[in-house]
There are 2 protein chains.
Amino acid sequence: MPKMPANKAPTNGGDTDEKIRARNIREILKAATEIFSRKGFDGARIAEIAEASGLPKANVYYYFSSKEEIYRAVIEHLIEGWDDAFAHISVDREPQDAIRSYVAAKLSYTRRNVIESRLFANEIIRGAQFLSRKDRQHMRTVTDEKVKVIEDWIAAGKLRPVDPRHLFIMLWSATQFYADFEPLACDALHTTKLKGVDYSHAAETISETVLRGLLPAGQI
Amino acid sequence: MPKMPANKAPTNGGDTDEKIRARNIREILKAATEIFSRKGFDGARIAEIAEASGLPKANVYYYFSSKEEIYRAVIEHLIEGWDDAFAHISVDREPQDAIRSYVAAKLSYTRRNVIESRLFANEIIRGAQFLSRKDRQHMRTVTDEKVKVIEDWIAAGKLRPVDPRHLFIMLWSATQFYADFEPLACDALHTTKLKGVDYSHAAETISETVLRGLLPAGQI
DNA sequence: TCAAAAGCTGACCAAAGTGTCAACTTATTA
DNA sequence: TAATAAGTTGACACTTTGGTCAGCTTTTGA
């Protein structure tokens, strides 16, 4: 019963061996992400995931032994984008540029990954039960690191005093909002679908408002 | 088959008639809110709602004809708090006080109604399918009204130019965050449970940052 | 007091969903 | 090319769950 061997291709160096397995798993996870995001863990039906990935249900069970295993695998991918936007927050940059870049990057990521973003939000709302201890630790570490950067900026007089953690929550929640709460955002903005312009305005409003509040007087 | 008559007590003026019905319905909705909030629409089991409300399942079905009907009834209550915090935003107040009060009120409401807040978020993420047209229209109207207030303030020179709609999104998302994404917020704030202090700091950070960015130079 | 209305409930279904399996086909390797 | 491993799948077993119902008890009103 050769299920999910962790090793790569057995003997030859090619990818013919792994090709089928890799492609099917990829296809299953892609479909699963979409469906979990739309319906949540309980709402998602394996039959639907199977259909969406073009495989019969029994074949899905050939690669994953349970619904939970699929969900875990999907969730694991979600943290990957966490660091990217945060990378813009670094001591050697001017806070002004850094925060603008951060907001822009986060919004852009959010926009390009609406499905994942929503699934992530869903998972957190449900209590983050399937987020591994390691992943949560990682997020905490990265946040702590960036909190230090803000504190340094404040100490250097480049930023007015502010609680860095609540500041991050402000930025994170505002950028996250547009993807997760799209229907509400659309209602508020009098549109039927969020467009590039909306995201631009969002980025501008968020970074300008926050920056004008944080930079020493007359710096913007 | 006397199910859910809309009329009140039949003949006598007392409340003995309605007491049983009213109490049971209240108990069912209370339990349902809790469970829908934790598990989502699909994840919630009627048997569990029944147990949590201390009634046998069949009795729940005596009052509600389907799971969807219970969900709808629960969702209906959710909009009620929408206006309350917004009421603080009125032209005849100084923007400074108004926005501070708004943020404080919203956070306080959020804190006191974590379950409902989370359920509301869940519903929106899922596409707001069960939010009635009327409710959405109502939210839009209220928002529009408050957008006008902000615009008036800007025109009067009491506020720097800002897109009022994105501003509201900023405020709304930031305040909402603490309840909906509690696990994440806890991680970020290095605590295991959000306390009153955390909400105070949140309120202060949000309103001060935003206000310093929005008020004309030197007004704060 | 008594009939009708309201409320209650155990037992039961039909539908849907997760997960299994034995038999089959395709790919790999020596 | 033959034996073995990997991949495929229809059919099925088993469980859960939304929802029903017939008959019961309690409340109400005259």
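B:Asp144 is partly exposed, with a relative accessible area of 25%; on this scale buried means under 20%, exposed over 50% and partly exposed in between, using a 1.4 Å probe and protein chains only. The model is predicted, and local features need pLDDT of at least 70, side-chain atom pairs count only at pLDDT 80 or more, and totals for chains, interfaces and linings use all residues. Residues are numbered from 1 along each chain as its sequence is written, chains are lettered from A and ligands numbered from 1 in the order in which they are written, and side-chain values use heavy atoms, with hydrogens and water left out.

Because B:Arg165 lies in helix α9 of chain B and B:Asp144 in helix α8, the pair ties together parts that are 21 residues apart in sequence. Helices here are DSSP runs (H or I, at least four residues), numbered from the N terminus. B:Arg165 itself counts as buried, at 19% relative accessibility. By this rule the count comes to 27 salt bridges over all chains. In general, side chains of opposite charge can pair when their charged atoms come close.

In chain A, A:Glu34 forms a salt bridge with A:Arg38, with the closest N and O atoms 2.9 Å apart. These two residues are separated by about one helical turn, because they sit four residues apart in helix α1 of chain A. A:Glu34 is partly exposed at 30% relative accessibility, and A:Arg38 is partly exposed at 43%. Both belong to a network of salt bridges that links A:Glu34, A:Arg38, A:Lys39 and A:Glu48. In chain B, the side chains of B:Arg38 and B:Glu48 meet in a salt bridge of 3.8 Å, N to O. This pair links distant parts of the chain, with B:Arg38 in helix α1 and B:Glu48 in helix α2 (residues 46-52), 10 residues apart.

Helix α1 of chain A (residues 16-43) also holds A:Ser37, which is buried with a relative accessible area of 5%. A polar atom of the A:Ser37 side chain lies 3.4 Å from the backbone oxygen of A:Ile115. Leaving aside residues up to four places away in sequence, A:Ser37 touches A:Ala32, A:Ile115, A:Arg118, A:Leu119 and A:Asn122, where contact means heavy atoms within 4.5 Å.

How do the two chains meet? In all, 52 residues of chain B are in contact with 53 residues of chain A. Between them the chains bury about 4,800 Å², 66% of it on carbon and sulfur atoms; buried area is the accessible area (1.4 Å probe) that two parts lose on being put together, summed over both. B:Ile125, B:His166 and B:Arg212 supply 15% of the area that chain B buries against chain A, more than any other three residues. Five salt bridges are found across this interface. A:Asp187 and B:Arg140 meet in a salt bridge of 2.9 Å, N to O.

Finally, the structure holds zero disulfides over all chains, a disulfide being a pair of cysteine sulfur atoms within 2.5 Å. A:Cys186 is buried at 5% relative accessibility, and B:Cys186 is buried at 6%.

Technical notes
A salt bridge is a side-chain nitrogen of Lys or Arg within 4 Å of a carboxyl oxygen of Asp or Glu. A polar contact is a pair of N or O atoms within 3.5 Å; within protein, one must be able to donate a hydrogen and the other to accept it, and residues adjacent in sequence count only if both atoms are side-chain atoms.
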